[in-house]
Amino acid sequence: MKVLSYGRQCINEEDISEVVKVLRGDWLTMGPTVEKFERSLADYAGVKHAVTFSSGTAALHGAMHAAGLGPGKKSLTTALTFVATANSALYTGAGVMFADIAENFCLDPEKAEQVIKNNGGKVDAIVPVSFAGYPFEIEPFKELAKKYNAVLIEDASHAWGGDRGKNKIGFDADMTTLSFHPVKHITTAEGGAVLTNSDEFAKSLKLFRNHGTTRNSKEFQDEPDGLWHSEMQNLGYNYRLSELSCALGLSQMKRLDEFVQRRRELARLYFEYLSGVDGVILPPDTEGHAWHLFVLRVKDPELHGQLFNFLRDNDIRLQVHYRPVPLQPYYRNNFGYKAGDFPEAERYYSGAISLPIYPSMEDGDVKRVADCIKNFFKSI
Ligand SMILES: Cc1ncc(COP(=O)(O)O)c(C=O)c1O
């Protein structure tokens, strides 16, 4: 039987030929394709700048740095996310605080404010995640950021191509980070980006991803030594994305709307086939959802592992996104978090299964997954 995984890339011949063209050209890194890809990302979201990075994690690290995080500062994020959303603040020497999720599986703004108040009203970056592709309401977070003088960074690794009505994802926060890992909406193999309207953040991000060095004469602090002059002005990293990756990304961008549309159709089919199945809870649904993940929740935690194994035995490869980050051993051991601290995220985790959803899936694949789930509940 065909193996279905929870996500996979969708590559066509045009993507391949665009990458091959770059391989035959003069630039493998730091050439014109990086800029073209960045332009295409920024134009799609309707923002001034896109700065590409070697991964979504590196993009988050860049955003935390540009937001001024460092020793003595703190970010606040959701307990339910990929570890990188939290780790990236720690990389800068800052701390990280967590708050529990709301019914849409995204950071709950009221709980977030309570955590900020418990920290004496101090927070430097607020980092909500459009979890599974759900475009959470942004206004409460903008208000929080303004009230507490923090930078608002949306981790939109799950939501590229989604929207909040007329605003595309990437438009609303001070900075928005993306990931182009193969299971995401478009891929560059590994890769990521930060979107922003701020010239200052964009400048800081570009320096950070290239060892803190610049060749832009307008930015020089010293008299140039000669035409070769470049300056290292900050401590940065090699977080550059290659021309090959950017050629793939640029080609994939042409089909982003198509990809998101197909994900939305597949989600509709899951809702149709699974509505009325006792024993499961279907995910929150809303306009503008980008459906990176379709998360089914098993009502009885005792059956969680059993259903997971049953589907796996039927060649349906699943994932659970995610074990709450503060309950990972690293966070428990170093920061003292414990079971029971994030009841909603923990309840979610006790039953969550991410079903297969990716653009090249056929309607019949969704039916197969749904039938398998129904058979499981008949068999117990
Ligand atoms: C919510 C979230 N943030 C950050 C990342 C990190 O992205 P990458 O894997 O491209 O480093 C991911 C990737 O899975 C993610 O899902």
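Ala, Val, Leu, Ile, Met, Phe, Trp, Tyr, Cys and Pro are counted here as nonpolar, Asp, Glu, Lys and Arg as charged, and the others, Gly among them, as polar. With that in hand, let's start at the ligand. The model is a predicted one, in which local features need pLDDT of at least 70 and side-chain atom pairs count only at pLDDT 80 or more, while totals for chains, interfaces and linings use all residues. Residue numbers run from 1 along each chain as its sequence is written.

The ligand has 15 residues around it, and the closest are Ser55, Gly56, Thr57, Ser157 and Ser179; being near a molecule or strand takes a C-beta atom, placed from the backbone, within 6 Å of it. By class, that shell splits into 10 polar, 4 nonpolar and 1 charged residues. Helices and strands are DSSP runs numbered from the N terminus, with helices (H or I) of at least four residues and strands (E) of at least two. Helix H3 (56-66) and helix H4 (83-91) each put at least two residues into the shell, and the largest share, 3 residues, comes from H3.

Next, strand S9 (residues 175-179). How many of its residues are buried? A residue is buried if 20 or more other C-beta atoms lie within 10 Å of its own, exposed if 12 or fewer, and partly exposed in between, with C-beta atoms placed from the backbone. For S9 the count is 5 of the 5, so the strand is largely enclosed by the rest of the structure. Both of its faces are covered, with Met175, Thr177 and Ser179 buried on one side and Thr176 and Leu178 on the other.

S9 also has strand partners, where pairing takes at least two bridges found by DSSP between two strands. Strand S6 (residues 151-155) pairs with S9 in the parallel sense over 3 bridges, and isoleucine 153 has methionine 175 as its bridge partner in S9.

Now move to helix H2 (residues 32-45). Its 14 residues should span 20 Å at 1.5 Å a residue, and its end C-alpha atoms are 20 Å apart, which agrees; the expected span is 1.5 Å times one less than the number of residues. The buried residues of H2 are Thr33, Val34, Phe37, Glu38, Leu41, Ala42 and Ala45. Among the elements covering them are helix H1 (13-23), strand S2 (49-53), strand S8 (167-168), strand S10 (192-196) and helix H8 (243-253). Contact between two residues means C-beta atoms, placed from the backbone, within 7 Å.

Zoom in on alanine 45, which is found in H2. Alanine 45 counts as buried because it has 25 C-beta neighbours inside 10 Å. Setting aside neighbours within four places in sequence, its contacts are Lys168, Ile169, Gly170, Phe171 and Leu195. Alanine 45 and phenylalanine 171 are 126 residues apart in sequence, yet 5.7 Å apart in space, C-alpha to C-alpha. Just after H2, glycine 46 takes a positive phi of about 75 degrees.

A few other backbone spots deserve a look. Alanine 132, in the loop between strand S5 (125-127) and helix H6 (139-147), has a positive phi near 70 degrees despite being a residue other than glycine. Tryptophan 291 is another non-glycine residue with a positive phi, near 45 degrees, and sits in the loop between strand S13 (280-281) and strand S14 (294-298). Tryptophan 291 is buried, with 27 other C-beta atoms within 10 Å. There is also a cis peptide bond between histidine 321 and tyrosine 322, with omega about -5 degrees.

Finally, step back to the whole chain. It is divided into domain 1 (4-253) and domain 2 (256-379), with bounds from an automatic or database domain assignment. Their centres, taken over C-alpha atoms, are 26 Å apart. The contact takes 37 residues from domain 1 and 38 residues from domain 2. On the side of domain 1 that touches domain 2, strand S1 (4-5), H4, strand S7 (163-164) and H8 each give two or more residues. The residues of that side divide into 20 nonpolar, 11 polar and 6 charged.
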